Amino acid sequence: MNVLSRTLLGALAGAAGTSVLDAVTYVDMAVRGRPPSELPDKMVRKLAGIAGYDEFAKPAEELDDRTKNQRAGIAALLGYADGFGSGALFGMVRPYMRGVPWFWAGIGLGGLTMLMSEGLATKLGQTDPSSWPASSWIEDIVPRCAYGWATVLVYDNFAED
């Protein structure tokens with residue numbers, strides 16, 4: 001399998017993993033009644049400000065409904081980009097780490113996505129993981145592991161050796 005095929009398969013596997021991550025997250029929200037994370041919206045605001053797009057950088061109460069909805073859509077798309085992109089990267093490197101069992105590869109991939117998204121958010125001052133209670137860590141780690149496992153299993157089951 002060539003690099004392009006591995007990358008595309010990785011992106012598709014990442015799409016499957018992203019669906020699993022979302023499902024695990026929404027089950028948690030439904031069972032415990034917790035609100036959705038505010039971090040995606042905060043990231044859109046911060047990135048919009050950096051890009052000079054001041055309309056999206058405004059507080060929600062200053063926005064009309066259309067702009068609020070657009071910002072929510074962009075926030076969700078950032079999550080898809082993270083999931084699909086991480087899957088694509090995984091597809092490129094998985095052939096070089098075939099000896100790593102799916103379970104550990106999934107934890108590693110989930111950890112990488114967490115590091116990338118939370119690391120960027122921390123660097124941009126939008127979150128501080130050192131102040132998170134244990135429940136917040138679990139809310140983040142469990143869906144990320146589910147993402148990693150699903151992505152690895154889909155990739156490994158469809159990849160040509």
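**Ground rules**

I worked on a predicted model, in which local features need pLDDT of at least 70 and side-chain atom pairs count only at pLDDT 80 or more, while totals for chains, interfaces and linings use all residues. Residues are numbered from 1 along each chain as its sequence is written, and side-chain values use heavy atoms, with hydrogens and water left out.

**Entry 1: helix α2**

I took helices as DSSP runs of H or I with at least four residues, and strands as runs of E with at least two, numbered from the N terminus. For the length check I used an expected span of 1.5 Å times one less than the number of residues. Helix α2 covers residues 39–51, and its 13 residues should span 18 Å, which agrees with the 18 Å between its end C-alpha atoms.

I then looked up burial, where buried means under 20% relative accessible area, exposed means over 50%, and partly exposed lies in between, with a 1.4 Å probe and protein chains only. In α2 the buried residues are L39, M43, V44 and A48. With contact defined as heavy atoms within 4.5 Å, these buried residues pack against α3 (54–57), α4 (65–93) and α5 (102–123). Just after α2, I noted that G52 takes a positive phi of about 85 degrees.

The 22 residues of α5 should span 32 Å, and I found its end C-alpha atoms 30 Å apart, which agrees. Buried here are A105, G106, L109, G110, T113, M114, E118 and A121, and what covers them includes α2, α4 and α6. Just after α5, G125 takes a positive phi of about 75 degrees.

Q126 is in the loop between α5 and α6, and it counts as buried because its relative accessibility is 15%. Leaving aside neighbours within four places in sequence, I listed L39, K42, M43, K46 and A121 as the contacts of Q126. The C-alpha atoms of Q126 and K42 are separated by 6.6 Å, although these residues are 84 residues apart along the chain.

**Entry 2: helix α6**

Helix α6 runs over residues 134–158, and its 25 residues should span 36 Å, in agreement with the 36 Å between its end C-alpha atoms. Its buried residues include D140, R144, Y147, V152 and Y155, and the buried residues of α6 pack against α1 (3–32), α4 and α5.

**Entry 3: the largest nonpolar core**

I counted as a nonpolar core a set of buried Ala, Val, Leu, Ile, Met, Phe, Trp, Tyr and Cys residues joined through side-chain atoms within 4.5 Å. The largest one has 10 residues, namely L9, A13, L21, F90, A105, L109, Y147, V152, Y155 and A159. The elements that give two or more residues to this core are α1, α5 and α6. Which residues does L21 contact, leaving aside its neighbours within four places in sequence? I found P143, R144 and Y147.

**Entry 4: the largest pocket**

On a 1 Å grid over the protein atoms alone, a pocket is an open set of points where a 1.4 Å probe fits, with protein on both sides within 12 Å along at least five of seven lines, and lining residues have an atom within 4 Å of a point. The largest pocket is lined by 41 residues, of which S37, L39, P40, E118 and R144 lie nearest its centre. The elements that give two or more residues to this lining are α1, α2, α4, α5 and α6, and the largest share, 9 residues, comes from α4.
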